[in-house]
Every structure is written in C-alpha cells, then in structure tokens.
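My notes follow in the order in which I checked things.

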Amino acid sequence: MTRPPPEDRPDSPGQSTPGQSTPGQDHDPLGVFFPDPSAPHPAPPAGRLSVQPRTRREAREDAARRASRQNPLAWSNDQYPGRDRKRRNHGSLWGVGIAVLLLIGMVAGAYFIFQPQLATLFAAPVPTDYPGNGAGSVTVVIRDGDTGSDVATTLEKDGVVKTYSAFYSVLVDKIPAPVFQPGAYRLAKKMSGKAALTALLDPKNKLETTAVIPEGAIEKDILPIVARATKLPEQDLQAAAKDVASFGLPAQATSLEGFLFPATYTFTPGTSAHDALKTMVDRSFTALDKAGVAPSDRWHTVVLAALIQKEAGLRDDYYKVSRVFLNRVAIGMDLQSDATVTYWTGNTGVATTTDAERADATNPYNTYVHPGLPIGPISNPGDLAIDAALHPANGPWLYFVTVNLKTGQTVFSETFQQHEAAVAQLQQWLRDNPGNG
C-alpha cells in the first residue's frame, strides 16, 4: 500500500485534525477558523484589499460570502439572519398597516351608516312640554262634539302646547274629567300642558263669539243670540235676514224661519251679518242633505219638521206626533195645533190658547181654521224632528195631548172621547201646578 504524501496526512505540517487548532488561530464551533489577533496577518493577495473582521458576526458573514462565491447555492437565510429578519419585518409592517386601514374604513363606514341612530341614542332627551304660562296671544276654537283628544290636537296645531301628549297626559289625570264648552278661548303661545288646561277651564278666557241656538227656537229669538256672539248690531242682522233670496232658500220662503239650523256656532271676529246667517242656513241644507231630502222636498219637510219640533216632548213622541199630523192630513182633518196659533200671536211661552185665538181666521198660521199644514215653518227644527218627518211611526192616532208639562208625558188617542179624557187630565195638572200653563 502506498503511503500518502506527507501533505495529505493528518499529522503533516499545515494540517490539523478536527477539534484542534493551529497556532495563531481560534476555532469557532461552526467550523470557521479565525486568525489569532496577536499573530501576524498574512499578506492579502495582490490587488485585493484586506479587511479584518471586527466581530464574530462579521466573521461569520465574511465566511458565508466566501463560501457563496465558491457555491452560489450555499447562500441561506441561516447564514444571513439579519437579511431574513429585515424581509420578515417589512412584510409584517405592511400587513399591520393594511389591517389598520381596513379597520379604520370599517369604523368610518359604520359611523356614517349608524350616525343618526347613535346621535339619537346619545343625544340629550328632547323636552315634550313647555315650561310656565307661555307668552303672546292666540285664539283657540273648541267645536261642538270635540273630545279631549281633539282639543289636544288643536292646542298642538295652534302652538299653545309643545306636543299632543303634553296636554293629553295632564287631561287624563284630571279627576273629575273636565268638560269643555264649545267656543273660542284666548290662550298664550308655548304654554305647559297644565297651564293650558287651567286656562281652558277658566271662564274669563272664553271669548263671546259663540252662539248656541236651541232646537225649536224661532228667528226673532235667534237674531239677538247671534248679535251678542258676533258683536254685530241686531239691526244689521235683521236687515240681512230680509234679503231672503240671497240665501238660496226654496221659492216659498218669505223669511229665514225653519232654515236657521239649531247648533253651536263659533264666528270668526269680523264676520258680517249676512255671512253669519248664511253659515246657519248652509248648516240646515247640510242636515237635510244628510237625511236624504232632495232640494225639491226641502220646503215640505221643514214645515212638517218645524211643527213636530214644537209639539213633541219626549224623543219617542216625535215619530208618533208626525204620524198624527199625517193621518189628519190624509183624511182632510184640521191639524188644530196650538203651537201654530201662538207662533202668530207671539205667545210662544204658553202651551194653551183661548177660544178667540183658535177662532181667529186672520191668523194665517191658525190650523184650527186653515186646513192642512201651516203656510210656513213655525220653528227651526233639528235632526230628530227632520228624521221624524221622514219616518213617522205606524199607528191610527188622530189626537195627542201632553198631560204633564214638566215631564213631557203625552197621551195619544184614536177617538175624540179618549182625547177628551186626556185633556181633562191636563187641566187637572194645570190646576195642581198654577203658573205653568
């Protein structure tokens, strides 16, 4: 066996066994040998600049570079950990930045979408009521039939209270329940609900622009009521009422009687005499239309309804009284109504007439001597009387008489003898109650 040359043997000068160091060199555990700093440095190859590594890290990187020149594929991140960390750090920073931008975008989008809800959630509660008694002045109208809810709505609309509930919540807690009178009231703007309720219940705040016309009232008694409500001279109303043709009444009408509908009216300040009366006439037409009365039948219906209105007492009697008058007309029998006699004489406050009054043929309304219905309405009828004129009860009655003027008790009879007995009953009541006839 041929011995290897000396330079190939491990114990040859210039060679070292693994784990051993030659003089002047330090051994690194990674297998890289570093010259002894105290040993003289070998001269660098010609044309190359020698740079002595200052630290072990630089030495390792220098060794790695030398190895890569010999084997370019030997370059690794393990040999250059600083380079890998730099790349990883740059990638992480970009990822964090993108995540932050996405988060900011999501937060901004959510804010713009839910901003109204968030504003409502975190905003201070909005007051629903004004404090105190308010200021300024406003006229509020409460109409006939208005409920507490209607009043609350009106007050909010007119600016008296801040909200509907500000007034209504106070109203429902009030015991006993308040009763509002129809009419116009002088209130302030921006009142608390409690202050508004107190003001409405104070009679001093009610403006006298409201006219209440009772059922069965006649024209001569209605005009003064309207004059007081509107602050118009009564003479102006009388003059306006004479212009009958300007109100669209049936051709037979010679006055407004029968067409001044009984109701509660609130007149706006400054309303003229004609317009005030026209409001009432139009209300009458509305009632007739609602009852199904054709314009051509208005006159006949109102004449009969006005008679029923004056003669009937209790609600159920309206339909029986209507039947009595229609039964008499059907057989050509005089109506013999005291109410028609007193309309002409002016003694409308009494229920009886004298023999002379009943025999007076100069009285055009006297149904004791003039057959059929009276020549015109003798009162201003309401809805009930109109309905009774259109829908009389079924029955054979030809007579009726009220036997108790306080309770309105009325006796209906088929024969004259029955009627005479009922009249005797009335006369006894009058003797027992003097001054009530």
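I began with charges over rings, where NZ of Lys or CZ of Arg must be within 6 Å of the ring centre and within 35 degrees of the ring normal. I found that the charged end of arginine 328 sits over the ring of tyrosine 399, 5.0 Å from its centre, and that the charged end of arginine 358 sits over the ring of tyrosine 368, 5.9 Å from its centre.

I noted that this is a predicted model, in which local features need pLDDT of at least 70, side-chain atom pairs count only at pLDDT 80 or more, and totals for chains, interfaces and linings use all residues. Residues are numbered from 1 along each chain as its sequence is written, and side-chain values use heavy atoms, with hydrogens and water left out.

Next I looked up ring pairs and found eleven aromatic pairs; rings of Phe, Tyr and Trp (its six-membered ring) pair if their centres lie within 6.5 Å, and planes under 30 degrees apart count as stacked, over 60 as edge-to-face and the rest as tilted. The pair of phenylalanine 259 and tryptophan 299 is stacked, because the ring centres are 6.5 Å apart and the planes stand at 20 degrees. Both phenylalanine 259 and tryptophan 299 are buried (under 20% relative accessible area, with a 1.4 Å probe and protein chains only).

I then checked phenylalanine 325 and phenylalanine 400, whose centres are 5.7 Å apart with planes at 80 degrees, so I recorded the pair as edge-to-face. Both phenylalanine 325 and phenylalanine 400 are buried, and Phe325, Trp397, Phe400 and Phe412 form one aromatic cluster.

Methods:
Buried < 20%, exposed > 50% of the residue type's maximum accessible area, 1.4 Å probe, protein only.
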